[in-house]
Amino acid sequence: MSNSDAGALHPIAILKESVAGWLKNLVPLVLLYSVNVVLSLMLKSTNEMTAASISIVKPWVVSVVVLLEAILMAVLSSFICFFIINYFKKFLEGKRNAFIPAYQQACDGFAGYLKAAVMLFIFILGVLSVAMLFSEWGKNYYWAKGPNSFRMAVLLATSTVSVALSIAAAWYGFFFLFAPLIAAFEKKGVFSAIRESRARVRGNALRLLAPFLLFGIFYIALGVLMIFIATRFTRDRRILDFIDPAMVALFAPLALILWFVSYCKITELKSAKAVN
């Protein structure tokens, strides 16, 4: 499974390999990810019901219930995603329909996967929260009553910091993107996996980013096209609301495969450099 040529990664080859693997396992992958879609719809319905019952139940009780349910759903969704990755991994090893081995391997590595994923989420959320605080503080300072000759300067400074932090969250988040897979498959600690992900992505960031950008552009374009076509024939909200979950169930497994194939490529590249 190597498409490295002279120590280089090939974005189109990564995308082609991912699409080919996705098509060969389309039915089981879509069925597996459909569980995630159902879970998200259940969470949405529960939130609507709790919002309707807030007048008869204490607000803090509703908040706790919604938070616990969201955490449970996030953990289950993460496990399903990791199970899909392990199913595809078994397929690459020549084992088709290996649900039981994939489940066993997913159970074995899920703790490391989840810890690294949570740490990555906390990092991105934390940086974006600080960026939002800077932005809001600058706006409040600008619109505050009373004379102040530094309003525009403070607004520009805080906006610049906010934008810089947002870019940093996205960029370093991508550098740390493979930490959950490294933690799960290579049995490394969370911070070791984060450092290792950064080391492997460094020097290959744009080549690794390109397949994800191409996939994102295709997904958005197809989604807009589907909605445009659907609205030519119907205005039924139930039918239009079905488009987004259907597209997620269909293409989210491809994103997971693209993630795993990219991980395999940078791991192969590291091994090749170690041999040389």
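Residues are termed buried when their relative accessible area is under 20%, exposed when it is over 50% and partly exposed in between, as computed with a 1.4 Å probe on protein chains only. The structure is a predicted model, in which local features need pLDDT of at least 70 and side-chain atom pairs count only at pLDDT 80 or more, whereas totals for chains, interfaces and linings use all residues. Residues are numbered from 1 along each chain as its sequence is written, and side-chain values use heavy atoms, with hydrogens and water left out.

By these criteria Lys24 is exposed, because its relative accessible area is 54%. Lys24 belongs to helix H1, which covers residues 11-24; helices here are DSSP runs of H or I with at least four residues, strands are runs of E with at least two, and both are numbered from the N terminus. Contact denotes heavy atoms within 4.5 Å, and, when residues up to four places away in sequence are not counted, Lys24 touches Phe91 and Arg96. Lys24 and Phe91 are separated by 67 residues in sequence and by 9.5 Å in space, C-alpha to C-alpha.

The chain as a whole comprises nine helices and zero strands, and its elements accordingly read α-α-α-α-α-α-α-α-α from the N terminus on. Of its 276 residues, 38% are buried. Among contacts with a separation of 6 or more, 75% join residues 24 or more positions apart.

The packing of helix pairs was examined next. Two packed helices are described by the angle between their axes and the distance between the axes. Axes are lines fitted to C-alpha atoms, for helices over the stretch in contact, and the angles run from 0 to 180 degrees between N-to-C directions. Angles under 35 degrees count as roughly parallel, those over 145 as roughly antiparallel, those of 65 to 115 as roughly perpendicular, and the rest as oblique. Helix H4 (residues 99-143) packs against H5 at an angle of about 170°, with the two axes 8 Å apart, and H4 is therefore roughly antiparallel to H5. The residues of this contact of H4 with H5 comprise 20 nonpolar, six polar and two charged, where Ala, Val, Leu, Ile, Met, Phe, Trp, Tyr, Cys and Pro count as nonpolar, Asp, Glu, Lys and Arg as charged, and the others, Gly among them, as polar. Helix H5 (residues 151-175) also packs with helix H7 (residues 190-201), at an angle of about 95° and with the axes 7 Å apart, so that H5 and H7 are roughly perpendicular to each other. In this pair, Tyr172, Phe174 and Phe175 of H5 meet Ser197, Arg198 and Val201 of H7, and the contact of H5 with H7 divides by class into four nonpolar, one polar and one charged residues.

A nonpolar core is a set of buried Ala, Val, Leu, Ile, Met, Phe, Trp, Tyr and Cys residues joined through side-chain atoms within 4.5 Å. The largest such core has 61 residues, and Tyr113 and Phe178 are those with the most contacts inside it; helix H9 (residues 237-275) gives the most to this core, with 17 residues. With neighbours within four places in sequence left aside, Tyr113 is in contact with Ser78, Cys81, Phe82, Pro180, Leu181, Ala184 and Trp259. Ser78 lies in helix H3 (residues 59-92) and, on the count that omits residues up to four places away in sequence, touches Phe110 and Leu114 as well as Tyr113. The side chain of Ser78 also reaches the backbone oxygen of Ala74 at 2.8 Å.

Lys89 likewise lies in helix H3 and counts as buried because its relative accessibility is 18%. Apart from residues up to four places away in sequence, Lys89 touches Gln105, Phe185 and Phe260.

Most residues other than glycine have a negative phi. Asn97, in the loop between H3 and H4, has a positive phi of about 55° although it is not a glycine, and Asn97 is exposed at 53% relative accessibility. Lys187, in the loop between helix H6 (179-185) and H7, also has a positive phi of about 55° without being a glycine, and Lys187 is exposed at 52% relative accessibility.

Conventions. A polar contact is a pair of N or O atoms within 3.5 Å; within protein, one must be able to donate a hydrogen and the other to accept it, and residues adjacent in sequence count only if both atoms are side-chain atoms.
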